[in-house]
Amino acid sequence: MKLNIALLPGDGIGPEIVDQAMKAVKAVAQKFNHELEYKQALTGACAIDAVGDPYPEETHELCMKSDAVLFGAIGDPKFDNNPKAPVRPEQGLLAMRKKLGLYANIRPVETFESLLHKSPLRRELVEGADFVCIRELTGGMYFGDKGRKDDGNTAYDTCIYTREEVERILKLGYEFAAKRNKKLTVVDKANVLESSRLWREVAQEMAPNYPDIKTEYMFVDNAAMQIIQWPKNFDVMVTENMFGDILTDEASVITGSLGLLPSASVGIHTSVFEPIHGSYPQAAGKNIANPIATILSAAMMFEYAFDLKDEGKLIREAVAASMAEGFVTEDIAEGQAQSTSAVGDWIAHWIEKN
Ligand code: IPM
Ligand code: MN
């Protein structure tokens, strides 16, 4: 099969971790006889510095022509403390989501036995937790009407959803639940927000079409609490953009391993695979960052974008082997810590041998 991939390494540690993921991708492609075609483009702060736009047209065209996009991270501290910066790296990410129609962000929350002691939760609460957060990614407050009133001292952001947007993301939620443990938790704030009442109304209409799946409704404040109290009660959680942003950060840390979690953003034109962590500027160029979240994002790319399950599985096995061996970076190493590139080489080599 021909695999046509766009690489957007981005900022900070992005280039280093995408390099390691590509070692795994190349090893798998070679092993399974896939023809690999890939091109790189700018996004984020580096794109602002180079061409003044965090998601340049050229980058967008490359993504549109590709079957999948492997993304590193964006962000640079020089923008964070300047609320008046005319363009920001994050705008590139939002523009990319909107223009590629990436309406669903899928974040699996899985635990790794060897890292349970790093979880902020007690082992018995988190051991065996395994759920998926599906976050709506192109609607809600992120993209609704926003601005200042004339006096400059009154600001507003509008949370807006259409029935179609809600239906398509709930449908994806049900498809995931059908392949998993048959429970869908719809998270909203329907006791207060009209947009949430639309979500709940649509969900209640759709639920009877999925008789095998238990649909559960939960207010977002309660969900925030239950994620840390009973994480094992969740199977598939689906929610709007802003709630999903907050809850997925919360969910990611309970595994004790932010540096290990991948994500997929899927939608209309192509799909984007990226680690859930940020650009970690303090570590940029030092060859110390953990590449595993990006390598696992590459595994998701094989599974979701190309429907190549064995290829994804082999990458996952290679990652598990490196962890079992303790051949890992300093954030999770118990003994001798390895460099980013050494871990990437080890995993690619394991794929070649197995
Ligand atoms: C994420 C990030 C982004 C978001 C930022 C960088 C715009 O936090 O992918 O979760 O809020 O969606
Ligand atoms: Mn976020």
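Two residues are taken to be in contact if their C-beta atoms, placed from the backbone, lie within 7 Å. Helices (H or I, at least four residues) and strands (E, at least two) are DSSP runs, numbered from the N terminus. The model is predicted: local features need pLDDT of at least 70, side-chain atom pairs count only at pLDDT 80 or more, and totals for chains, interfaces and linings use all residues. Residues are numbered from 1 along each chain as its sequence is written, while chains are lettered from A and ligands numbered from 1 in the order in which they are written.

Helix α5 covers residues 89–100. The expected span of a helix is 1.5 Å times one less than its number of residues. A residue is called buried if 20 or more other C-beta atoms lie within 10 Å of its own, exposed if 12 or fewer, and partly exposed in between. The buried residues of α5 are Pro89, Gly92, Leu93, Met96, Arg97 and Leu100. Viewed down the axis of α5, these buried residues fall within an arc of 135°, so they line one face of the helix; the arc is that of the directions from the helix axis to the C-beta atoms. They pack against α2 (45–51), α3 (57–65), α4 (77–80), β11 (262–266) and β12 (272–275). Just after α5, Gly101 has a positive phi of about 65°.

Ten strands form an open sheet with mixed pairing, in the order β2-β1-β3-β12-β11-β4-β5-β10-β8-β9. Strands β2 (35–40) and β9 (214–219) stand at the edges, each with a single partner strand, so one side of each has no neighbour in the sheet. From one strand to the next, the twist averages 25°. Strands pair if DSSP finds at least two bridges between them; β8 (residues 183–188) and β9 run parallel and are joined by six bridges. Thr185 stands opposite Glu216 in β9. Helix α9 packs on the sheet, touching β8 and β9, and its direction makes about 105° with that of β9. Helix α1 (residues 14–31) lies across β1 (2–10), β2, β3 (68–73) and β12, at about 145° to β3. Axes are lines fitted to C-alpha atoms, for helices over the stretch in contact, and angles run from 0 to 180 degrees between N-to-C directions.

An unreviewed UniProt entry annotates Arg97, Arg107, Arg135 and Asp221 as "binding site". These residues are spread over 125 residues of sequence and also in space, up to 26.4 Å between C-alpha atoms. UniProt positions follow the numbering used here, feature names are shortened, and annotations may be inferred rather than shown by experiment. Arg107 is in strand β4 (residues 104–110) and counts as buried, with 22 C-beta neighbours inside 10 Å. Leaving aside residues up to four places away in sequence, Arg107 touches Val132, Cys133, Thr248, Leu261, Ser263 and Ile276. Arg135, in strand β5 (residues 130–136), is buried with 26 such neighbours. With the sequence exclusion of up to four places, Arg135 touches Asn105, Thr239, Asn241, Gly244, Asp245 and Thr248.

UniProt (unreviewed entry) also lists Asp221, Asp245 and Asp249 under "binding site". They span 29 residues in sequence, yet no two of their C-alpha atoms are more than 14.4 Å apart, so they gather at one spot. Asp221 lies in helix α9 (residues 220–229) and is partly exposed, with 13 other C-beta atoms within 10 Å. Asp249, in helix α10 (residues 241–253), counts as exposed with 12 C-beta neighbours inside 10 Å.
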